[in-house]
Amino acid sequence: MSDRDGLIWLDGELVNWRDAKVHVLTHTLHYGMGVFEGVRAYETDQGAAIFRLQEHTDRLFNSAHILNMPMPFSKAEINEAQRAAVRENNLNSAYIRPMVFFGSEGMGLRADNLKVHVMVAAWEWPAYMGEEAKTQGIKIRTSSYTRHHVNITMCKAKANGNYINSMLALREAIDSGCEEALLLDNEGYVAEGSGENIFLVRDGIIYTPELTSCLDGITRRTIMEMARSLGYEVREKRITRDEVYIADEAFFTGTAAEVLPIRMLDGRSIGTGSRGPVTEKLQSMYFDTVTGKAPFNAEWLTLVK
Ligand code: PMP
């Protein structure tokens, strides 16, 4: 990943990909205190366009604010950095990774001289779980790991350290023959996947967990808006794992995962055991929007050139 041609935006400058390095005493590397985003740019007939750039930048700044990390750049500068990372690497479509981290100016939890650094990289990243998963759906399991409690970590922040929990859950799911994990909150209710929000469809109504311990996903917001525009009722509520077992359809949403049908949870088929009609409708609306073919909201696309 580090040994390739290209440019990475680091603290206000585009540097050669191979030279975008930090010291081993980088504070964030030791304690996980940092925040990041996952953003996608899609190929449209007007060139590469970033989907919901402003919303991702706003969430990055909110995450930094929650963790008390003063941002050394403006939102406009970080928007431009993301456009530059795609444009200057000549990418038609891309996954964009902005990250805000503490430097190596000090060590220890009490370090008070730390500088906040920002990097933005972009590279090609095709369908998160392969093309087939988008139509056939994926097999998931309830995790033995509990999702973060709201007073253990900050669930509204997309914080680096939060992803230890995600990686433990995902590894466990993969090792047991599944493609993704379903994490429950500390009270036992459905929270989210390791990097996705979850939706259910039952009797024509769409359900998703409330924003307590799950991330305020930008794809989640997009899908809720699209579903309501199609006339579906969308309810945010507490959901139990067995409500997922008896759902007609279930799917994950996320910038990386996009809209991904879930065909099985804990060995129980969901609905017909493949992508359901509501999932399919929302999925195609999503792809038509992000690629600019039939945008639900053209303002959600920012051209990189
Ligand atoms: N939950 C978690 C834990 C995530 O990491 C992500 C990916 N950012 C999501 C949900 C989905 O968020 P978004 O739609 O903004 O990518």
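What pLDDT does the protein average? I read a mean of 97, and 100% of the residues score at least 70. pLDDT is the predictor's confidence in each residue, from 0 to 100.

I note that this is a predicted model, where local features need pLDDT of at least 70, side-chain atom pairs count only at pLDDT 80 or more, and totals for chains, interfaces and linings use all residues. Residues are numbered from 1 along each chain as its sequence is written.

Confidence is lowest in helix H4 (residues 131-136), with a mean of 93. Strand S3 (residues 34-36) is highest, at 99. I also logged ipTM 0.99 and pTM 0.98.

Next, the helix pair. H2 (residues 53-66) packs on H3 (residues 75-87) at about 125°, with the axes 10 Å apart. That makes H2 oblique to H3; oblique covers what is left after under 35 degrees (roughly parallel), over 145 (roughly antiparallel) and 65 to 115 (roughly perpendicular). From H2, Leu53, Gln54, Thr57, Leu60 and Phe61 meet Lys75, Ile78, Asn79 and Gln82 of H3. Contact means C-beta atoms, placed from the backbone, within 7 Å.

Last, Thr253, in strand S14 (residues 249-254). Is Thr253 buried or exposed? I count Thr253 as buried, because it has 26 C-beta neighbours inside 10 Å; the cut-offs are 20 or more for buried and 12 or fewer for exposed, with partly exposed in between. Beyond four places in sequence, its contacts include Glu196, Phe199, Thr219 and Val259.

Note on methods
Helix = DSSP H or I, 4+ residues; strand = E, 2+ residues; numbered from the N terminus. Axes fitted to C-alpha atoms, helices over the stretch in contact; angles between N-to-C directions. Contact = placed C-beta atoms within 7 Å.
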